[in-house]
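Please open the model in a viewer and keep the selection tool at hand.

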Amino acid sequence: MSPVKIVVDSTADLPPDVIADMDISVVPCLLRFGNQTFREGLDISRAEFFDRLATDPHFPRTAAPAPGVFEETYRRLAPETDSVVSLHISPQYSGIFNAARLGAEAVADRVHVVPVDSGQISLGMGLMAMVAAEAARDGASLAEILALVDDLRGRTHLLAIINNLDNLRRSGRVNQLVARLGNLLRIKPILHVHQGEILLDERVRSWGRAQRRLIQAVRLMTPLERVVLAHIQRLEAAEALGQALTEVLPPRTFTLEAGITIGIHVGVGAAGVALIRAG
């Protein structure tokens with residue numbers, strides 16, 4: 001029987017090569033432009049999504065996969081393992097976790113599935129899944145992986161500079177007046193995700209000031225165990241963060257593009273850091 005299997009939903013934003021290399025199973029979330037529905041990563045690529053985001057009159061919406069999609073994923077894994085850890089965004093922000101829970105209940109007679117609230121979004125959750133998958137590949141037990149994920153939850157942070165407030169306005173996260181004033185004043189909020197809380201920690205004028213503030217915040221979290229430099233169609237901004245943080249970055253540092261779900265809310269041009277503090 002194979003080791004514990006790791007499942008995430010597509011909001012973890014892991015690229016195909018990482019998914020394949022680490023044997024992580026991904027359940028696609030749904031994306032809607034008007035009456036058209038797409039499965040993230042299957043029916044629409046990130047590049048196609050961001051092209052359409054810029055031109056489509058309909059602002060996109062996301063939806064959780066149906067419990068049956070999770071059930072199908074768990075049933076597919078059942079012949080290979082006794083246990084599955086299914087890592088997802090906190091239930092107060094999405095129906096994904098509840099759909100995973102219902103899918104797990106449907107296969108309880110076939111395989112033991114434990115849905116876990118990661119307390120993270122996007123590449124923060126993706127980074128946790130990578131560490132959990134490495135432990136599974138090394139032969140860790142279900143209990144050991146659950147303990148690891150619980151420990152990681154407190155040590156994982158996602159910090160990102162939001163370039164433009166328009167998407168936060170359109171998704172209902174800030175009102176129209178705040179967004180217009182923020183853009184007029186060149187406000188660059190810093191998003192901070194930790195243990196299930198999604199906060200706009202600071203609202204700094206100009207990208208340069210926001211970048212310096214984010215770099216300072218990351219330095220205060222050192223030493224670092226794992227880091228992903230993240231961006232949304234702004235690779236040069238992620239690389240600039242990496243250069244400024246060179247001396248504190250651990251050997252295994254990745255630069256990855258965040259995906260569709262977070263892109264809907266924060267828009268093109270965001271950049272930041274997903275990190276795990278050293279234990």
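Begin by selecting Leu-146, which is partly exposed because its relative accessible area is 27%; buried means under 20% relative accessible area, exposed over 50%, and partly exposed in between, with a 1.4 Å probe and protein chains only. The model is a predicted one, in which local features need pLDDT of at least 70, side-chain atom pairs count only at pLDDT 80 or more, and totals for chains, interfaces and linings use all residues. Residues are numbered from 1 along each chain as its sequence is written, and side-chain values use heavy atoms, with hydrogens and water left out.

Leu-146 belongs to helix 6 (residues 142-155). Helices (H or I, at least four residues) and strands (E, at least two) are DSSP runs, numbered from the N terminus. Setting aside residues up to four places away in sequence, Leu-146 touches Val-85, Val-114 and Val-116, where contact means heavy atoms within 4.5 Å.

**Strand 6 and His-88**

Next, select His-88, which is in strand 6. Is His-88 buried or exposed? His-88 counts as buried because its relative accessibility is 0%. Display its side chain together with those of Asp-9 and Ser-86. The side chains of His-88 and Asp-9 are joined by a polar contact of 2.7 Å, and a polar contact of 2.6 Å links the side chains of His-88 and Ser-86. A polar contact is a pair of N or O atoms within 3.5 Å; within protein, one must be able to donate a hydrogen and the other to accept it, and residues adjacent in sequence count only if both atoms are side-chain atoms. Beyond its neighbours within four places in sequence, His-88 is in contact with several residues, including Phe-70, Tyr-74, Ile-96, Val-116 and Met-125.

Select helix 3 (residues 67-77), where Phe-70, Thr-73, Tyr-74 and Leu-77 are buried. Viewed down the axis of helix 3, these buried residues fall within an arc of 95°, so they line one face of the helix; the arc is that of the directions from the helix axis to the C-beta atoms. To see what they pack against, colour strand 1 (5-9), strand 2 (24-27), strand 6 (83-88), helix 4 (96-106) and strand 7 (112-117).

Move to helix 2 (residues 46-55), whose buried residues are Phe-49, Phe-50 and Leu-53. Down the axis of helix 2, its buried residues also fall within an arc of 95°, so they line one face of the helix. The face turned away from that buried side carries the exposed residues Asp-51 and Thr-55.

**A pocket and a cavity**

Select Leu-14, Ile-19, Val-26, Glu-40 and Gly-41, which lie nearest the centre of the second largest pocket among its 17 lining residues. On a 1 Å grid over the protein atoms alone, a cavity is a set of points where a 1.4 Å probe fits but cannot get out, and a pocket is an open set with protein on both sides within 12 Å along at least five of seven lines; lining residues have an atom within 4 Å of a point. The second largest pocket holds about 360 Å³ of space. Strand 1 and helix 1 (16-22) each supply at least two residues of its lining, which comprises 10 nonpolar, 3 polar and 4 charged residues.

The structure also holds 1 cavity of 30 Å³ or more. The largest cavity has a volume of about 100 Å³. To display its lining, select residues including Ser-122, Leu-158, His-231, Ile-262 and Gly-272. Strand 8 (156-161), strand 11 (224-231), helix 11 (260-266) and strand 13 (271-277) each give two or more residues to this lining.

**Strand 11 and Val-227**

Finish at Val-227, found in strand 11. Val-227 counts as buried because its relative accessibility is 0%. Leaving aside its neighbours within four places in sequence, Val-227 is in contact with residues including Leu-127, Leu-249, Phe-254 and Val-273.

Note on methods: Grid points are joined across faces, edges and corners, and a volume is the space filled by probe spheres set on the points. Ala, Val, Leu, Ile, Met, Phe, Trp, Tyr, Cys and Pro count as nonpolar, Asp, Glu, Lys and Arg as charged, and the others, Gly among them, as polar.
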